[in-house]
Amino acid sequence: MTGLLNPKVLFDASLGRLVQVAGDPYSWLRKWKATSERRVAGCLPMYVPEEIVHAAGVLPVVLASSVGTTPLADSRMPTFACSLVRSNLELALRGALDSLDGIIFPYLCDATQSLHEIWKTACPGPFVHHVVLPSRLETPAARTYLLEELRRFRAALEGWSSREISDRAVWDSIDLYNANRWLLQRLYASRRTSPGLLNGREMMAAVMAGFVMPKEDHNQLLGQLLDAMEQRRHDTAGKLRIVVSGLLAPNPGVLDLIEQAGGVIVDDDLFNGARYFAGHAPHAPGPLESLASRFLNMMPCTTKHNPESGWANHVVGMARGAQADGVIFLLMKYCDTLAFDYPALQDGLDRAGIRHLLVETDQDVSGMAQLHTRIEAFLEMIRSP
Amino acid sequence: MTVPPPARLLVNPRGLMAAYYAEARQARENGIPVAWLTGMAPVEPLRAMGVAVVYPENHAAMCGARRASLELCEAAEMRGYSADLCSYARCSLGSIFMEESPVEGLPRPDFLLSASNFCITVTKWYEALSRHFGVPHIHIDTPFAGDAPTPAAITYVVEQLEDLIGFLERFLGRPFDHDRLRETVAQADKAGALWHDVLQTGRAIPAPFTAFDGFSHMAPMVAMRGLESTESYYARLYAEVQQRIALKDAALPGERFRLFWGGIPIWCSLKSIPDLVNRYGGCFVASEYANSWAFRLSQERPLESMASAYMTVITNLSLERRASIWQTLIEEFAVDGFVMHSNRSCRPGSLMQYELKALVEGRTGVPGVIIDADMVDPRAYSDTQVSTRVETFMRNLRASKRA
């Protein structure tokens, strides 16, 4: 074990592990489950209060992986839903999600709401729960409603797991998750100051490994990685600083293309990125109040009612803060909320004088060659005065 | 066999609607504020305060019916709104950007009111409108009700309605008129009951009133709920349809197959499918869509009854509840087959349709067919493809009836 004290070895070992888990999450999960007594609950993106699931002794697993084609899902659902929704249905119908004992849907949009209903008949199981989160965040009524909905969720989990979920247990889980968020926030902060230490694909793996691994193990790996990184330097002279915005990058291929074209990713607001670990659950009279506060103070999100263009302003602010040379906006095909808010972002970035490129993504990677050309042209355009 | 087209009803909403929109366009001159509302937003508090209300969805449907929607959708796409977005929204935004409309357009709003019971699309669409016009936007979040709304969700919506009332008081600078609200709610309730009665007349065999009659007569129910003229309109319509029942006067003489329409009509090609099935003696006798507005309210508990009614719109309900609504209608109306509009624009209405079709067919033994189209974007509608599918379906129905 002494070899691990060498920062280089430590760095490679911890990063290698994260990349390996994120690369094939459900195979990893199957192996993990063979050694564990714990139940596993899949959580559709985004905003399932995982801490309550964890406090029930259940492992929450975030289902954010995409697959290529979705023939099985297409027989149960029209194709005009985003790749995330169709991929999850496809994976379940293929049996790739057999390690899950239950599944939890957060209310997010029309497509995830429909997926929840389809799931009940297409993939019935002992625990299929819909946490009907509010789409308004700014009113006291929304907080009261949310708290009741979280209590209903806790009660449903208690029924399923046949054990009481004490406040103490939820607080412990909150501590664990806050630590996880803090570690990931540090990782992202280091990227803003010295980008390129991890490339886009590795950074995404660092986040997404935590979508399946228990947070206890994930925290340990992140801690090791951060310690080892302190010694490292990376030369990014001449690279263009790029911010990636959107809800979810269905695959890391687009990040590779940005780097191949001479860009370095400095920040993002993706769910398989900064959105997942933004903020923290604060001190509050009770643990559910704490979780409600984190939710209601979330990073502005297109899936929520956004008076005053909160989301577009946030992305512009992020790009400014990261001193970005350009923003690449990933529009998941058929994601209505992103598509509706996009013109406001376009205006905001234009006004701020920040160059931007719209990239429509699907799970399908067949258009990668064309995308490569577009991203190269975009970076070239930024370079030419 | 050629069958004459369905006879027209004498009562029709055209004059009423024209007068209504003319009045709305005059509103500002008369010092009356104008609000834009989503199709199933809680309009009653606005009516009680005398606000003029208009409906972009209704306007978009009219643009579709007048074959003007394509150009308007494209205008929105030019401004960065994806062609995959709801065509009502694109049509509405395009009409604003181009300052064009085949039906004179809508008067500029002073504020906006949306409710998410149909979809999250309206939330984002109205945010875009709010940015464009620089006017306040009140959004009512109606949490997905599943099998039934939770008490907490009802309370949440009631509180938002109270906030809406507070907004109206501040915006209009006068106290809210709770007595007028009760009257408005009572009026809307009566209109809802009458509309339900009108739709129920389709149960007679042969049907005197069709689902497509419903689509052309629902406009006052959507846009003019809570007004006395609406109530009297449906009373007259109901009386006329009753007379036709007495005379055994069929909407489609020689009715052989009673059909059910599922989903929003294809406004940009409204008559092609009913005309096609008519040739086989098929008549659409019911729909779940027109029934969406046949809801009841209570003047004893105006806000609670509104919260509950607006949350239990079919698009805000579980697959199981939808299947049971379909089953009831199919059985009550003695339906032989159903046509489901898979509407590219409408994800909450369309994404669970494959499962819904399977459940309904399994429980009722009545077969159905799914057609791919869009409510007002003609690019998503292929007449040949749809005709072929519907004709095959009708031939199969005919064959099974003979057997």
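**Figure 1. A salt bridge between Lys333(A) and Asp84(B).** In this predicted model, the side chains of Lys333(A) and Asp84(B) meet in a salt bridge, with 2.7 Å from N to O. Side chains of opposite charge can pair in this way when their charged atoms come close. Across the interface of chain B and chain A, the rule finds four salt bridges, and it also finds 16 residue pairs in polar contact there, with both residues of each pair at pLDDT 80 or more.

**Figure 2. The salt bridge of Glu355(B) and Arg76(A).** The closest N and O atoms of Glu355(B) and Arg76(A) are 2.7 Å apart, and the two residues form a salt bridge. Because Glu355(B) lies in helix 17 of chain B, while Arg76(A) sits in the loop between helix 4 (71-74) and helix 5 (83-94) of chain A, this pair joins two chains. When the whole structure is searched, 40 salt bridges are found over all chains.

**Figure 3. The interface of chain B and chain A.** Here 39 residues of chain B are in contact with 47 residues of chain A. The size of an interface is often given as the accessible area lost when the parts come together; for chain B and chain A, about 3900 Å² is buried between them, and 61% of it is on carbon and sulfur atoms.

**Figure 4. The side of chain B that touches chain A.** Across this interface the rule finds 16 residue pairs in polar contact, both residues being at pLDDT 80 or more. On the side of chain B that touches chain A, at least two residues each are supplied by helix 6 (121-133), strand 4 (137-140), helix 7 (151-172), strand 7 (337-343), helix 16 (347-350) and helix 17 (353-364) of chain B. Helix 6 of chain B gives the most to this side, with six residues.

Figure 5. Just after helix 7 of chain B comes Gly173(B), which takes a positive phi of about 70 degrees.

**Figure 6. The fold of chain A.** Chain A contains 16 helices and eight strands. The radius of gyration of chain A is 20 Å, close to the 21 Å that the globule rule gives for 385 residues, so chain A is as compact as a globular protein of that length. Taken along the principal axes, the C-alpha atoms of chain A fill a box of roughly 65 × 55 × 45 Å.

Notes. Residues numbered from 1 in each chain as written. Chains lettered and ligands numbered in written order. Heavy atoms only, no water. Contact = heavy atoms within 4.5 Å. Buried area = accessible area lost by both parts, 1.4 Å probe. Polar contact = N/O pair within 3.5 Å; in protein donor to acceptor, adjacent residues only side chain to side chain. Helix = DSSP H or I, 4+ residues; strand = E, 2+ residues; numbered from the N terminus. Rg over C-alpha atoms; globule rule 2.2 N^0.38 Å.
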